[in-house]
Amino acid sequence: MNEEQRKQQAQIEQPDNFDRIKNTSSDDMIAKYFQTSYEPQSPDIKKARKRRKEDIQFHYDFSIPEDVATIGKGKKFLIRTYGCQMNEHDTEVMAGILTEMGYESTSSTDDADIILLNTCAIRENAENKVFGEIGHLKPLKLEKPDLIIGVCGCMSQEESVVNRILKKHQHIDLIFGTHNIHRLPQLVKEALFGKEMIVEVWSKEGDVIENLPKVRKGKIKAWVNIMYGCDKFCTYCIVPMTRGKERSRRPEDIIQEVRHLVAQGYQEVTLLGQNVNAYGKDFEDLEYGLGDLMNDIHKIDIPRVRFTTSHPRDFDDRLIEVLAQGGNLLDHIHLPVQSGSTEILKKMNRKYTREEYLELVHKIRKAMPNATLTTDIIVGFPNETEEQFEETMTLMEEVGFEAAYTYIYSPREGTPAARKKDDVPDEVKKQRLYRLNELVNKQSAESMKKYDGKTVKVLVEGESKKNPDVLAGYTERNKLVNFKGPKSSIGKIVEVKITEAKTWSLNGVMVESTVEVN
């Protein structure tokens, strides 16, 4: 989309006559993306579950309003992030907005003038952590009445969460959701000068807001969001309701962002989406999927390109064909399976069978024999039998996953699975998780042994967390490597010879590069 087309689109989005305004519902009037007045809005999970056929709107006109452009001068902000990479990316955007408003970042709650908790709704444990933090912040709020404490992210999109905060945690000043992050300047203003708790959570399909500022961590690796939302409606998952329907950014906007990152010296980008390989399936004016996007980014001069998280249903032949080209397209593929039992997969509404998943793995292995596969697995789904759990164990071995994120099933209010009666005792679930993790550890250790004595390319990210004299970075297949080397190698890709293989990491020595003299 060129500049002229963007101007035309922006003009189309403006209400250009009285009839159009008159025919617009009050909800839609409230939900105007760049409104300047505030009206309270709480989440509505029933409304969020709907998938209307309205076109996705693209907005390119974000800016910081003049009346809040310097409101943060001399003040500091702190954002605590819970959950997935998408939340981390949202935090980068919020940090960018606050920075443009004059705020500075701090890691100390005592120094902060604004504290935002960017929350995750996937599992009960994550929710408990957030409410624990909300409780810990109450004494600080009493000590500093002008401190703004906000709750945002996926938990904010849940009715039960907002109601709990309203009733029990009235020291919270601000609640907003995943669809209105770009409204942060206006919401901060309302929180600063208003007397009541500000609640603005939009339960809608969502739009695409471009040109949002970002403050990224470091200058080495970057998240690039290529799509938002999810339409899969797995029975255990709340994400379709908290993140809205699948909506893809335009290819030219993504490619422009990647090129900009290259110009800044970034060495790796990870393309993000709740269901990243559904990218482009919502386009009506062109046939262009993740494989096509990866093929175009393959031509850009950036050393490493990854993507996450995939859904097996949308992992098509075109994507495999493009990834098989290699080069800067890395063959570490995270492919969540969730269960090895076809019966459980059906109850999860995953829309594939065990056999179909294994056939996809076969295709990937045939095109990329050395590909590293990792996965997500849920144990203890309602009424999971011992036989069904054993199917997960055998799938783990058959695929040869080199790592896995494993969880005990956690019911989320508002999902179909939460209404199911569960006859699996907690102790049985814990035992199954223990057995699964033992197998995961075994397979990870075996995969690491293959690297002993070999030389690998490592993107050096910085000092090791345990020892500042040791550097740490990741291989092309996402293996953590610790080694001694000069600090000047941070941000570069260096060769490291592996001297010790552990279960989850590798130790090595940096290979000195030789310079030929003619």
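The protein exposes about 24,900 Å², with carbon and sulfur atoms supplying 48% of that area (Shrake-Rupley, 1.4 Å probe). The model is a predicted one, so to speak of local features takes a pLDDT of at least 70 and side-chain atom pairs count only at pLDDT 80 or more, while totals for chains, interfaces and linings use all residues. Residues are numbered from 1 along each chain as its sequence is written, and side-chain values use heavy atoms, with hydrogens and water left out.

Of the 518 residues, 54% count as buried, that is, under 20% relative accessible area with a 1.4 Å probe and protein chains only. Take contacts (heavy atoms within 4.5 Å) between residues at least 6 apart in sequence: 76% of them join residues at least 24 apart.

Now for helix α15. Its 14 residues, 386-399, reach 20 Å from first C-alpha to last, close to the 20 Å expected at 1.5 Å a residue (1.5 Å times one less than the number of residues). Gln388, Phe389, Thr392, Met393, Leu395, Met396 and Val399 are its buried residues. They sit on the same side of α15 because their arc around the axis is only 160 degrees, taken from the directions from the helix axis to the C-beta atoms. Covering them are, among others, α13 (342-348), α14 (354-367), β15 (372-379), β16 (403-408) and α16 (426-449). The face turned away from the buried side carries Glu387 and Glu398, both exposed (over 50%). After α15 comes Gly400, with a positive phi near 80 degrees.

Methods: Helix = DSSP H or I, 4+ residues; strand = E, 2+ residues; numbered from the N terminus.
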